[in-house]
Amino acid sequence: MLEWGMFFVFQVVIILTVSFFILLGVTHTESKGLRVFGRMLAFTLWILVIYLVTTSFYSQYLCNKYLHKASYRCYHRIR
């Protein structure tokens, strides 16, 4: 389970880093259309991060609730 958790954290950190650099680049541009596109792209990435975090916690909740903390890995059972 630890390796899946670390992979999840790695995904979230990479997406937030890309979002930060998109916003950093948007602040230095003069084109209004590119600025709006960059902000929309960064917002979409934030929505993706919120989705990843929410589904991760929800699947862990389902695993604990319905499988009663079994000794086998829960992600093989939830499909």
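The patch is formed by Leu-16, Phe-43, Trp-46, Ile-47 and Ile-50, and together they have about 490 Å² of accessible area. Leu-16 has its place in helix α1, residues 2-27, and at 39% relative accessibility it counts as partly exposed. A patch here is made of residues with over 30% relative accessible area and no salt bridge, where like charges are joined within 9 Å and nonpolar side chains (Val, Leu, Ile, Met, Phe, Trp, Tyr) within 5 Å. The salt bridge named in that rule is a side-chain nitrogen of Lys or Arg within 4 Å of a carboxyl oxygen of Asp or Glu. Accessible areas come from the Shrake-Rupley method with a 1.4 Å probe, and for residues only the protein chains shown count as cover.

This is a predicted model, in which local features need pLDDT of at least 70 and side-chain atom pairs count only at pLDDT 80 or more, while totals for chains, interfaces and linings use all residues. Residues are numbered from 1 along each chain as its sequence is written, and side-chain values use heavy atoms, with hydrogens and water left out.

**The chain as a whole**

The secondary structure of the protein chain comes to two helices and zero strands; helices (H or I, at least four residues) and strands (E, at least two) are DSSP runs, numbered from the N terminus. Of the 79 residues of the chain, 19% count as buried, where buried means under 20% relative accessible area, exposed means over 50%, and partly exposed lies in between (1.4 Å probe, protein chains only). The protein chain exposes about 6500 Å², and carbon and sulfur atoms supply 72% of that area. Among contacts between residues at least 6 apart in sequence, 51% join residues at least 24 apart, a contact being heavy atoms within 4.5 Å.

Ser-19 lies in helix α1 and counts as buried, because its relative accessibility is 1%. Leaving aside neighbours within four places in sequence, Ser-19 is in contact with Ala-42, Leu-45 and Trp-46. The side chain of Ser-19 also makes a polar contact with the side chain of Trp-46, at 2.7 Å. A polar contact is a pair of N or O atoms within 3.5 Å; within protein, one must be able to donate a hydrogen and the other to accept it, and residues adjacent in sequence count only if both atoms are side-chain atoms.

A pair of aromatic rings is described by the distance of the centres and the angle of the planes. Rings of Phe, Tyr and Trp (its six-membered ring) pair if their centres lie within 6.5 Å, and planes under 30 degrees apart count as stacked, over 60 as edge-to-face and the rest as tilted. By this rule the count comes to one aromatic pair. The rings of Phe-20 and Phe-21 have their centres 5.2 Å apart and their planes at 70°, so the pair is edge-to-face. Phe-21, whose place is in helix α1, is 17 residues from Gly-38 in sequence and 9.9 Å from Gly-38 in space, C-alpha to C-alpha.

In the loop between α1 and α2 lies Thr-29, which is in contact with Leu-34 and Arg-35 when neighbours within four places in sequence are left aside.

**Residues of helix α2**

Val-53 is found in helix α2 and touches Phe-8 and Val-12, not counting residues up to four places away in sequence. Val-53 and Val-12 are 41 residues apart in sequence and 8.2 Å apart in space, C-alpha to C-alpha. Thr-54 is also found in helix α2, and a polar atom of its side chain lies 2.7 Å from the backbone oxygen of Ile-50.

The table gives the accessibility of several residues.

| Residue | Relative accessibility | Class |
|---|---|---|
| Phe-20 | 49% | partly exposed |
| Phe-21 | 51% | exposed |
| Thr-29 | 16% | buried |
| Val-53 | 26% | partly exposed |
| Thr-54 | 48% | partly exposed |
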